[in-house]
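The stops below go from the whole chain to single side chains.

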Amino acid sequence: MPESDHLQGTTNLIEVVVVNFVGQFFYKNRLVSDDELKAELTKAVRDPRHPPTLLVKADRAVAGEVYGRLGDLAHQAGLREMLLASQPHGARPATEDRPKR
């Protein structure tokens with residue numbers, strides 16, 4: 001990832017969602033539907049006063065509408081903050097069947 005002195009951080013817990021170039025969501029290394037993701041994120045909000053931050057690792061080719069859809073899901077689940085990180089086009093999310101180092 002590129003480095004910058006102007007990046008926002010957070011002190012909140014982090015929930016990570018990966019978005020591939022066709023706009024599919026991956027949560028905890030598995031492909032999930034919008035409804036599944038909303039349910040998982042809702043479970044992740046243990047204390048509504050201090051919800052986790054959503055870190056989105058997205059392929060650079062992801063359309064803006066996908067970010068809007070994801071932001072709506074996160075908001076409905078009770079999250080208030082979303083940070084974006086782009087990945088090189090074609091990067092795949094880690095899967096359970098990859099060898100562990």
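Contact here means heavy atoms within 4.5 Å. By that criterion, among contacts in the protein between residues at least 6 apart in sequence, 73% join residues at least 24 apart.

**Whole chain**

Start with everything selected and colour by pLDDT. This is a predicted model, and the protein averages a pLDDT of 84, with 77% of the residues scoring at least 70. Now select residues 96–101: the pLDDT there is below 50, and beyond near neighbours in sequence the stretch has 4 contacts in the model. Where pLDDT is low, the predicted coordinates should not be read in detail.

Switch to a cartoon. The protein holds 2 helices and 5 strands, and from the N terminus on the order is β-β-β-α-β-α-β. With a surface drawn, the accessible area comes to about 7000 Å², of which 52% belongs to carbon and sulfur atoms. Of the 101 residues, 33% count as buried.

**The nonpolar core**

Next select Val17, Val19, Phe25, Leu37, Leu41, Leu54 and Leu70. These residues have the most contacts inside the largest nonpolar core, which has 19 residues. Which elements each supply at least two residues of this core? They are β1 (14–19), β2 (25–27), α1 (34–44), β4 (53–59) and α2 (64–77). The largest share, 5 residues, comes from α2.

Centre on Leu54 and show what surrounds it. Leaving aside neighbours within four places in sequence, Leu54 is in contact with Glu15, Val17, Leu41, Leu70, Ala74, Leu79, Glu81, Met82 and Leu83.

Move to Leu73, in helix α2. Is Leu73 buried or exposed? Leu73 has a relative accessible area of 8%, so it is buried, the cut-off for buried being under 20%. Beyond four places in sequence, its contacts are Phe25, Asp34, Leu37 and Lys38. For a distance check, pick the C-alpha atoms of Leu73 and Thr42: they are separated by 9.4 Å, although the two residues are 31 apart along the chain.

**Salt bridges**

Side chains of opposite charge can pair when their charged atoms come close.

Select Glu40 and Arg30. They form a salt bridge, with the closest N and O atoms 3.6 Å apart. Glu40 lies in helix α1 and Arg30 in strand β3 (residues 30–32), so the pair ties together parts that are 10 residues apart in sequence. Arg30 counts as partly exposed because its relative accessibility is 37%.

The side chains of Glu40 and Lys43 meet in a salt bridge of 3.5 Å, N to O. Why are they about one helical turn apart? Because Glu40 and Lys43 are 3 residues apart in helix α1. Lys43, at 57% relative accessibility, counts as exposed.

Then select Asp47 and Arg49. Their salt bridge has its closest N and O atoms 3.2 Å apart. Arg49 counts as exposed at 61% relative accessibility, whereas Asp47, at 25%, counts as partly exposed.

To finish, select Arg30, Glu40 and Lys43 together: salt bridges that share partners join these residues into one network.

Terms used: Residues are numbered from 1 along each chain as its sequence is written. This is a predicted model: local features need pLDDT of at least 70, side-chain atom pairs count only at pLDDT 80 or more; totals for chains, interfaces and linings use all residues. Side-chain values use heavy atoms; hydrogens and water are left out. pLDDT is the predictor's confidence in each residue, from 0 to 100. A nonpolar core is a set of buried Ala, Val, Leu, Ile, Met, Phe, Trp, Tyr and Cys residues joined through side-chain atoms within 4.5 Å. Buried means under 20% relative accessible area, exposed over 50%, partly exposed in between (1.4 Å probe, protein chains only). Helices (H or I, at least four residues) and strands (E, at least two) are DSSP runs, numbered from the N terminus. A salt bridge is a side-chain nitrogen of Lys or Arg within 4 Å of a carboxyl oxygen of Asp or Glu. Accessible areas come from the Shrake-Rupley method with a 1.4 Å probe; for residues, only the protein chains shown count as cover.
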